[in-house]
Amino acid sequence: MPAQSQSHTLTSAQAQVVARKKKEVWVRMFLWFFLSVVFALLPTGGQYLNGRQTEGFHQPGFWEWVSRAQLYLVSMGLAVAAVGEALMHLWKSNQSFRLILVTITNMLIMLIAAYLAPGADSDKKIEAVVGQQSLMMFVTVLVTSGVSTWLCVKEVGVQQ
């Protein structure tokens, strides 16, 4: 009988460790989202709120507002951070095919965003097109950088 209670205690302790690691993974993902995504979008929100306080403020339409959000630059920043984290992780650990694939995708997003970003500031830009393209790129990089961060954080949690 004592062997069973010791085995039960061991699995209970293991379950607590697994639960703690899952919580750490979710905390790190929240921190990534808050510090990377939310802070990257704060200047756009600030610009909008600041504009509302000025006389003669023109209420922009959705695509006009999105085209002013500099989402190409935000996308590049998220992709660069994800690539950097993934490369550091791949350098130290086993190479995960999924992480390599997501990292290559993030590199492609960086290149495309670098190519498209200068046109977003042009006087001749079509605001709806810039807004749509930059929003699609932002959503894509949000997913790919989130997956990259998730893979890195989850594997680090498993290794600890």
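## Contacts of S67

In this predicted model, S67 touches K125, E127, V130 and G131, not counting residues up to four places away in sequence; contact means heavy atoms within 4.5 Å. S67 is found in helix 2, which spans residues 62-67. Helices here are DSSP runs (H or I, at least four residues), numbered from the N terminus. At 4% relative accessibility, S67 is buried. Buried means under 20% relative accessible area, exposed over 50%, and partly exposed in between, with a 1.4 Å probe and protein chains only. The C-alpha atoms of S67 and K154 are separated by 35 Å, and these residues are 87 apart along the chain.

## Basis and confidence

Residues are numbered from 1 along each chain as its sequence is written, and side-chain values use heavy atoms, with hydrogens and water left out. Local features need pLDDT of at least 70, side-chain atom pairs count only at pLDDT 80 or more, and totals for chains, interfaces and linings use all residues.

The pLDDT value is the predictor's confidence in each residue, from 0 to 100. Its mean for the protein chain is 85, and 91% of the residues reach 70 or more. Confidence is lowest in helix 1, at a mean of 79, and highest in helix 4, at 92. Where pLDDT is low, the predicted coordinates should not be read in detail.

## Nonpolar cores

A nonpolar core is a set of buried Ala, Val, Leu, Ile, Met, Phe, Trp, Tyr and Cys residues joined through side-chain atoms within 4.5 Å. The largest one has 20 residues, and Y72, L78 and F138 touch the most other members. Helix 1, helix 3 (71-92), helix 4 (97-120) and helix 5 (127-159) each supply at least two residues of this core. Helix 3 gives the largest share, six residues. A second, separate core of five residues includes L90, L99, L151 and C152.

Leaving aside neighbours within four places in sequence, L78 is in contact with S36, V37, F138, V141 and S145.

N106 belongs to helix 4 and is buried, with a relative accessible area of 0%. Apart from neighbours within four places in sequence, N106 contacts A79, A82, V83, V141, T144, S145 and S148.

T44 sits in helix 1 (residues 2-52) and is buried as well, at 8% relative accessible area. With neighbours within four places again left aside, T44 is in contact with W65 and A69.

## Salt bridges

Side chains of opposite charge can pair when their charged atoms come close. A salt bridge is a side-chain nitrogen of Lys or Arg within 4 Å of a carboxyl oxygen of Asp or Glu. The count by this rule is two.

E24 pairs with R20, and their closest N and O atoms are 2.9 Å apart. Because E24 and R20 are four residues apart in helix 1, about one helical turn separates them. E24 is partly exposed at 32%, and R20 is partly exposed at 45%. E64 and R68 form a salt bridge at 2.3 Å, N to O. E64 is buried at 15%, while R68 is partly exposed at 34%.

## A loop residue

Q70 lies in the loop between helix 2 and helix 3. Q70 has a positive phi of about 55° although it is not a glycine. Its relative accessible area is 29%, so Q70 counts as partly exposed.
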